[in-house]
Amino acid sequence: TGARLWQSHTTLETPGQVSVDPNGRTVYLAGGSGRVAALDTARGTLLWESAARAEVLDSGLLPTVWFDKGALVLAASDGKLCTPDPAHPDRKPVPG
């Protein structure tokens, strides 16, 4: 219907595009520093925010998160790719 279901706030700086997990339960978005936020799709409740993973905040590249073969993939604004673990958001991600 196009009606707003919820609105939420995070502490992410310059968030990029959002991605929804394959189960449709969680919305993920990334900030310029490579931080990732996870929000509950039903209520918009903030589930967690990760630590920074990038060194460049204003490179002109928008941070992006997406799913590939079930894995959450982050492209940070400094061009780094990594796969943060949604079950352990503060664990050091595997570089891509």
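Helices (H or I, at least four residues) and strands (E, at least two) are DSSP runs, numbered from the N terminus. This is a predicted model: local features need pLDDT of at least 70, side-chain atom pairs count only at pLDDT 80 or more, and totals for chains, interfaces and linings use all residues. Residues are numbered from 1 along each chain as its sequence is written, and side-chain values use heavy atoms, with hydrogens and water left out.

**View A. Lys69 sits in the loop between strand E5 (64-68) and strand E6 (71-75).** Lys69 is not a glycine, yet its phi is positive, about 55 degrees. Its relative accessible area is 83%, so Lys69 counts as exposed (exposed means over 50%, buried under 20%, partly exposed in between, with a 1.4 Å probe and protein chains only).

**View B. Four strands form an open sheet in the order E1-E2-E3-E4.** Their pairing is antiparallel; two strands pair if DSSP finds at least two bridges between them. Strand E1 (18-20) and strand E4 (46-49) are the edge strands, and each pairs on one side only.

**View C. Strand E2 (residues 26-30) runs antiparallel to strand E3 (residues 36-40).** Five bridges join the two. Thr26 has Asp40 in E3 as its bridge partner.

**View D. Gly34 lies in the loop between E2 and E3.** Gly34 is buried because its relative accessibility is 0%. Leaving out residues up to four places away in sequence, Gly34 touches Ser50, Ala51, Arg53, Ala54, Leu74 and Ala76 (contact means heavy atoms within 4.5 Å). Gly79 is 45 residues from Gly34 in sequence, and their C-alpha atoms are 9.8 Å apart in space.
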